[in-house]
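Below is a briefing on one predicted model, grouped by topic. It covers contacts, fold, confidence and one residue.

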Amino acid sequence: MPEEINLEIFNADPITEDLANQTTEAAPKTYASAVPAGDAALESQADLSAEMKAIGEAYGRALKDGAPAEIQPRLDYAPYRSSVLRHPTKSLHHADPETIELYSPAFGHMDVHALESDLTIAHNGEPLGERIIVSGRVLDGDGRPVAGQLVEIWQANSAGRYIHKRDQHPAPIDPNFTGVGRCITGPDGTYSFTTIKPGAYPWKNHLNAWRPAHIHFSLFGSEFTQRIITQMYFPGDQLFPLDPIYQSIVDQDARDRLVATYNHEQTKPEWAMAYNWDIVLTGSKRTWTENEALGAEGDHE
Amino acid sequence: MNKPTQLAPTPAQTVGPFFGYALPYAKDRELLPPGSPGSIRLQGTVYDGAGHPIPDAILEIWQADADGKVPHHTGSLVRDGYTFTGFGRTAVGNTGTFTFTTVNPGPTEAGAAPFIAVAVFARGLMNRLFTRVYLPEDEAALSRDRLLSSLDPERRRTLIARRDPDGGLSWDIRLQGDGETVFLDFRDAEGPST
């Protein structure tokens with residue numbers, strides 16, 4: 001289970017305190033007063049949207065001219081400003097995976113307690129917000145279940161606030177919600193988390209930038225080459241066209257793979273709405289033993 | 001049996017800045033306890049394209065044990081202090097630096113150049129980057145290595161650690177620009193995808 005968190009240090013966030021000190025009068029803490037003055041110089045959503053549109057249209061033309069579909073986000077996607085100095089400028093070097101890369105670290109029930117998959121019970125009280133169940137399967141590119149592997153998630157609370165010193169969003173922290181969970185996939189690759197629907201939150205990519213509600217997922221496959229961290233989104237979010245992180249995947253079909261579906265059959269009456277999201281890792285490069293193909297867990301050695 | 005259908009992979013997204021309560025865990029960077037026999041320090045700094053340290057990257061390493069065996073033990077998240085699981089993770093510090101306590105991996109096959117597999121995640125980085133850090137000593141093995149042989153000397157250098165006087169390894173990661181680390185693409189690897 002996550003360690004108990006000292007919420008006081010977040011309530012006394014030095015960055016937030018500094019902002020409060022800048023206001024000479026005891027002005028009510030409104031959104032406007034919480035925005036640093038420097039933000040006025042930030043680019044507008046219209047600027048960013050125009051940039052994203054141009055990139056999308058260029059991709060559409062390339063597709064028509066026979067270019068292959070792009071199934072991963074672009075590392076070099078300027079509308080996501082933080083990527084500008086953080087993407088390699090040389091193309092990734094083709095390499096054949098070697099011994100260690102053809103295996104994955106093993107995780108098991110020694111590593112993860114069953115209760116860690118319920119993000120609503122980590123504290124004494126019930127967190128605020130819409131209780132949801134998020135479940136699905138982890139598969140490799142050949143459709144085989146990824147059994148006995150680690151899934152880690154993290155997310156904002158229902159008000160769109162992360163427990164993190166660098167989250168300056170003036171939305172309330174929920175003392176009953178840390179927003180982190182883990183589980184080990186079942187023999188059929190299934191995972192399931194009980195949590196709270198995260199809120200959208202503002203960020204500083206440009207003026208009035210808001211991230212669509214999402215849950216971060218971290219996954220291991222059967223090989224280190226399949227390691228992936230990604231984000232799951234909720235269906236119908238109006239922020240999708242405005243968000244440079246989501247739009248860094250320029251292919252609509254590929255983007256759609258990050259969006260969960262609402263499942264009324266699995267929704268529990270009087271309790272929680274259910275969403276499904278299956279995750280497909282890249283194809284495996286190793287020749288599998290029969291035991292692995294059957295989904296044996298890694299605890300045996 | 002029919003050949004299984006190839007499914008389109010789920011795209012990646014950035015790790016973002018807010019993984020602090022989710023991904024780090026107790027002793028995440030200590031594959032074995034510091035100071036235990038055979039332990040070494042693997043240290044370095046992660047830099048961006050302007051040459052500035054990145055304060056919010058998170059790294060993972062995965063490696064063979066000192067005998068070159070691939071570990072299959074669970075227990076990386078809850079370490080017992082004795083079992084070598086081969087996996088470690090660390091968020092970099094405010095100055096972009098990282099430290100792992102691990103062992104020198106042995107060669108996984110006779111004559112192979114030992115290396116540690118590395119995955120790099122960061123805010124602003126849309127997908128993880130894979131790379132390798134090779135031990136510097138066995139020059140014959142390094143010169144035979146398929147990946148290293150396919151690189152020009154300037155780039156090859158970015159994958160080979162320096163040996164520190166205390167026996168540890170120093171190795172920096174440059175995401176962009178001068179001395180940009182070689183990052184790997186395994187997607188189109190040859191061989192049967194059974």
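In chain B, 72% of the contacts with a separation of 6 or more are between residues 24 or more positions apart; two residues are in contact if their C-beta atoms, placed from the backbone, lie within 7 Å. The model is predicted: local features need pLDDT of at least 70 and side-chain atom pairs count only at pLDDT 80 or more, while totals for chains, interfaces and linings use all residues. Residues are numbered from 1 along each chain as its sequence is written, with chains lettered from A and ligands numbered from 1 in the order in which they are written.

**Fold of chain B**
- Chain B has three helices and ten strands, in the order β-β-β-β-β-β-α-α-α-β-β-β-β; helices (H or I, at least four residues) and strands (E, at least two) are DSSP runs, numbered from the N terminus.
- The C-alpha trace of chain B spans about 50 × 40 × 40 Å along its principal axes.
- Of the 194 residues in chain B, 48% are buried, meaning that 20 or more other C-beta atoms lie within 10 Å of the residue's own, against 12 or fewer for exposed and partly exposed in between, with C-beta atoms placed from the backbone.

**Confidence**
- The average pLDDT (the predictor's confidence in each residue, from 0 to 100) of chain B is 93, and 93% of the residues score at least 70.
- Over residues 188-194 of chain B, pLDDT stays under 50.
- The model has an ipTM of 0.94 and a pTM of 0.89.

**A:E101**
- A:E101 lies in the loop between β1 (93-94) and β2 (131-139) of chain A.
- A:E101 counts as buried because it has 26 C-beta neighbours inside 10 Å.
- Beyond four places in sequence, A:E101 contacts A:E223, A:F224, A:T225 and B:A117.
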